[in-house]
Amino acid sequence: MFKHEKNLLEMVEVEKPNPTYASMLSEQLGGPQGELKAAMQYISQSFRIKDPEIKDLFMDIAAEELSHMEMVATAVNLLNGHEVDAQAVQSGHIESQVLTGLSPYLANASGFPWTAAYVNVTGDLPADLLSNIAAEQRAKVVYEYLHRQINDKHVRQMIDFLLNREEAHNTLFRQAFTRIQESGSQRDWGVDKDARLYFDLSTPGKYFDLNNPQAPSFNSPDTTSGH
């Protein structure tokens, strides 16, 4: 069960309409690194998780991603303004101007509709957690790109909030990953001779080796010196 709080997670404002940027920002509504993808991925992955604490984590973050989607949609609404004007969109998709009456459309910045093909679910908790860690990292990168291309102080403030929440989710998934080191596809890591073989096919030099292969692991930012 989900409960909808009618207040946004963080206040959303814009200085003035900007339909072109609205099209760009819609990337985080219906794009492969967007908020809907994240919410659907984490919910879908949670269905088979047996660890109740990690299952709760997935659902908590998924629910927050839906609130992020609401924030992005609100910003897109405000940026589209009040009058349909397809000529005001210099690039990207124009569906909101010619199809949905300025309603935010679940498509990426080029107009391709959202698809469940964006969602990664394997049923293997280590693999799914690594996928989620990468997803949060990619979402942060997209928000950084979007931040650079707008001078609207209110939109920038919203994006700054969202990319920092992506960092928080990334950290939480990393903490969960450290708890399941000996489970699923992490079991018996590097015990086979073929798992310790590195083909040096580049010249000059050999910069990596697999003499002592280590399974992926992450340190908590709270325990890293200098942070």
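Author: Gladly; we will take a helix, a charged residue and the nonpolar cores in turn. Keep in mind that this is a predicted model.

Reader: Let's begin with α4: what should its 29 residues span, and how far apart are its end C-alpha atoms?

Author: The general idea is to count 1.5 Å a residue.

Reader: Which residue caps the N-terminal end of α4, and what follows the helix?

Author: The cap is aspartate 51, with a side-chain oxygen 2.9 Å from the backbone nitrogen of glutamate 53. After α4 comes glycine 81, which has a positive phi near 80 degrees.

Reader: Now glutamate 27. Where is its nearest side chain of opposite charge?

Author: A salt bridge needs the charged atoms within 4 Å. Glutamate 27 is buried without one, and arginine 138, the nearest side chain of opposite charge, is 10 Å away.

Reader: What does the side chain of glutamate 27 reach?

Author: The backbone nitrogen of alanine 109, at 2.8 Å. Glutamate 27 sits in helix α2 (residues 27-30), and the residues it touches include Pro32, Asn108 and Val142.

Reader: And how do I read the cores?

Author: In soluble globular proteins, nonpolar side chains tend to be buried together. Here the largest nonpolar core has 23 residues, with Tyr21, Leu25, Met158 and Ile159 making the most contacts inside it. Two or more residues each come from α1, α4, α6 and α7. Apart from this core lies another, of 17 residues, among them Leu129 and Ile180.

Terms used: Residues numbered from 1 in each chain as written. Predicted model: local features only at pLDDT ≥ 70, side-chain atom pairs only at ≥ 80, totals over all residues. Heavy atoms only, no water. Helix = DSSP H or I, 4+ residues; strand = E, 2+ residues; numbered from the N terminus. Buried < 20%, exposed > 50% of the residue type's maximum accessible area, 1.4 Å probe, protein only. Lys, Arg positive; Asp, Glu negative; His and termini not counted. Polar contact = N/O pair within 3.5 Å; in protein donor to acceptor, adjacent residues only side chain to side chain. Contact = heavy atoms within 4.5 Å. Expected span 1.5 Å × (residues − 1). Core = buried A, V, L, I, M, F, W, Y, C linked by side-chain atoms within 4.5 Å. Lists of a residue's contacts leave out its neighbours within four places in sequence.
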